[in-house]
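Please read it alongside the coordinates.

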Amino acid sequence: MGCLPSADAEVLAEMLKAVGSYVAGDSEAETSWRPSSLGDCGLDGTLRDEVEAELARLRSQIDNLKRRNRELLAIHEATKTITSVRTTDEILDEIVGFVHSLGMSDVTYLSQYYPEHGYLKVRASKGAVSREFSELEVLPDTGMATLVVNSQAVKISPNYFQDNRFVRSENLDTAVAAEGLVSLAGVPLIAHSRVVGVLFLSSRSERRYSPEEIATISSFADIASATIWKSLAFTDMEANAEVALKRLAHWENYFASWRKSSDKLSQLFENIVRGSTLSELLEQASVEFAADLMLIDAQGETLASSPGFQIEEEAFNLNDLLPLEDRVCQRLRDSRPLACVPIRSKIYGRFFLLIEYPGLAVEALQSDVAVRLAELCLGAFSLHHAHLIQAHNRREAALTRHLLNRHGAQPFKFLEDAGFDPSGRIVLIVSREPVSTVESFVRDDRKLIATNIRGTTAAVVAASCGDETQKQLAESVPGPIIAWTCETVRDFYEKAPQQWPKLESWLQALTQGEWPSKVYRAEAIEPVSWLLMTSRKFRDEFMRLHLGALLEAEAFPYKASGRSTPLLDAVTAYCEEGRNMRAAADRLFIHVNTLSQRFSRLDDLLGDWREPDRLFAIEIAVRFWMLTRDLQE
């Protein structure tokens, strides 16, 4: 382009000034530099065409810069809005307003995506005519929004009703038709790789959007997605805070209840220390916790229970309880909660505390409180059992000291303390069997005190159960046993220390002499205790030598049944009554003549058996025979 005349240069200078004013924002300068006005400036055709092309290019760049400037200002204002507006709806409404102010659409709206249900709902809109459109919900798998969500990419539809890429729904088509919309552009709102919504630009005529316009809308979409994500996070935080508050309230109630329960448990523990029994403890706990209680062992036996508490066998199957370890089992019995608390002791094995609540509030007694209560019950049982063992040991020690005459001048009352009747008869059983074997035959352990002295078991038994015990021992214990009877407890206190050495030596003699495994009465042994030192072989030979004909004639009655016969009774009575026939007849409750007839029979069998030396030997043989008879005989 050559040199311009001065007149043309002046015209161009004025036009450039108008361009500068237009760039600066002067709207009146817009018409002064349009290409159509160049013909009025006197420019020739070639120069005018060149200037027109250059001005058109310049105007396009200026318009783009102005548009970009408006977009940046809108984005800046939207960013400021996020920090100034508090609610999510207000922020989204402001963002949609900024996008709509750019003039790219007739209706601008933003829909939030709810993945848990699969639908979208309009959260904010600008330019819509109907209220229904502002509250529109897009059903799952329908509409252009679903296409945007699934692809996570921008989708543009120049003509909505002619687009077959998505499934239509009646409510969405009706809303779009009511607004007169034709073209749609959807920009996904993506946060943390998740689609949280779609920002829509819609026009009432066909329109295509340039990449620059889509980039601008995407910037707003990023702001909106961050806002929705923060809203979701805040919603989750509120929900978590609500859950936390509920849990806090629960734990506050829990600890308040635990403090009350702890005070009650402490009081029960103090009662145990003061000596409350297991039954008293359950009664007190029943009042404190308003629940009925029962403690059973692993065999289902009831150890103790609160007053009036009864449980049928079918209420709890023991086979169901045994697998329980640490957890509390809850069940219903007649619509009332029934809990079972398992507890284990290294010494006593397993126990179960059964708790029945008066109402349906199973939480009335917390599980850990129930476990602590069960442990207290076990502690009370163990302490009570330990007291019993201590008392038992004290009674054993007292019996040992008394029999060995080591109690000194201070009198003993250990039998009365153990529940013996002071006026009742006392039986002292002496055996080489273990204490546990003798104890196993006495059902009521309050009427038994047993101890072991130098390998010999001494057991004091009340006469009420003494006879039965002696019979059981005679049938079951493999060794000889001596039973010594005292008429009263006082007699036992006075005579036992002097009698014990004899009983101990007699038992040793019976054991070493291989005497039959019988219960021997001490009263029968004492007159002939010197005979106990003989051997079994000597006894059998001595009885066969001096009573052989008699025993043969009466079919060995002592071997068959151990019972006496008329002839043996006659000899025994005659010996025991000092060889006086009338006294012997009175002893046998027979006439003297009858006794004389029996003596005649004895003369036939034994010869001159009443000769002094021969009678002495026969009397010893009868003593041997009497010692071998059963105690009951």
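Helices (H or I, at least four residues) and strands (E, at least two) are DSSP runs, numbered from the N terminus. The model is predicted, so local features need pLDDT of at least 70 and side-chain atom pairs count only at pLDDT 80 or more, while totals for chains, interfaces and linings use all residues. Residues are numbered from 1 along each chain as its sequence is written, and side-chain values use heavy atoms, with hydrogens and water left out.

**Overall**

- The protein contains 21 helices and 16 strands.
- Of its 633 residues, 43% are buried; buried means under 20% relative accessible area, exposed over 50%, and partly exposed in between (1.4 Å probe, protein chains only).
- The accessible surface of the protein is about 33,800 Å², and carbon and sulfur atoms account for 50% of that surface. Accessible areas come from the Shrake-Rupley method with a 1.4 Å probe, and for residues only the protein chains shown count as cover.
- Contact means heavy atoms within 4.5 Å. Among contacts in the protein with a separation of 6 or more, 61% are between residues 24 or more positions apart.

**The six-strand sheet**

- An open sheet is formed by 6 strands in the order β3-β2-β1-β6-β5-β4, with antiparallel pairing. Two strands pair if DSSP finds at least two bridges between them.
- Strands of a sheet pair through backbone hydrogen bonds, either parallel or antiparallel.
- At the edges are β3 (137-138) and β4 (155-157), each of which pairs on one side only.
- β4 is joined to the antiparallel strand β5 (residues 183-191) by 3 bridges, and Lys155 stands opposite Gly186 in β5.
- β5 also pairs with β6, in the antiparallel sense and over 9 bridges; Val187 stands opposite Leu199 in β6.
- Most of β5 is covered, with 8 of its 9 residues buried.
- Helix α3 (residues 88-101) lies across β1 (107-114), β2 (119-126) and β6 (194-203), and runs at about 65° to β2. Axes are lines fitted to C-alpha atoms, for helices over the stretch in contact, and angles run from 0 to 180 degrees between N-to-C directions.
- Gln112 is in strand β1 and is buried because its relative accessible area is 4%.

**Loop residues**

- Most residues other than glycine have a negative phi, and most peptide bonds are trans.
- Asp141, which is not a glycine, has a positive phi of about 65°. Asp141 sits in the loop between β3 and α5 (143-151) and counts as exposed because its relative accessibility is 58%.
- Thr142 lies in the loop between β3 and α5, but counts as buried because its relative accessibility is 9%.
- The C-alpha atoms of Thr142 and Leu120 are separated by 9.8 Å, with the two residues 22 apart along the chain.
- The hairpin of β5 and β6 has 2 residues between the strands, and His192 takes a positive phi near 55° there. With 61% relative accessibility, His192 counts as exposed.

**Nonpolar cores**

- A nonpolar core is a set of buried Ala, Val, Leu, Ile, Met, Phe, Trp, Tyr and Cys residues joined through side-chain atoms within 4.5 Å.
- In soluble globular proteins, nonpolar side chains tend to be buried together.
- The largest nonpolar core has 62 residues, of which Leu403, Leu415, Leu428, Ile482 and Phe492 touch the most other members.
- Helix α14 (residues 489-512) supplies the largest share of this core, 10 residues.
- This core lies between domain 4 (410-514) and domain 5 (536-630), because both give residues to it. The domain bounds come from an automatic or database domain assignment.
- Beyond its neighbours within four places in sequence, Leu428 is in contact with Leu403, Ala458, Ala459, Val460, Ile482, Ala483, Trp484, Phe492 and Leu503.
- A second, separate core has 28 residues, including Leu295, Ala370, Leu378 and Ala380.
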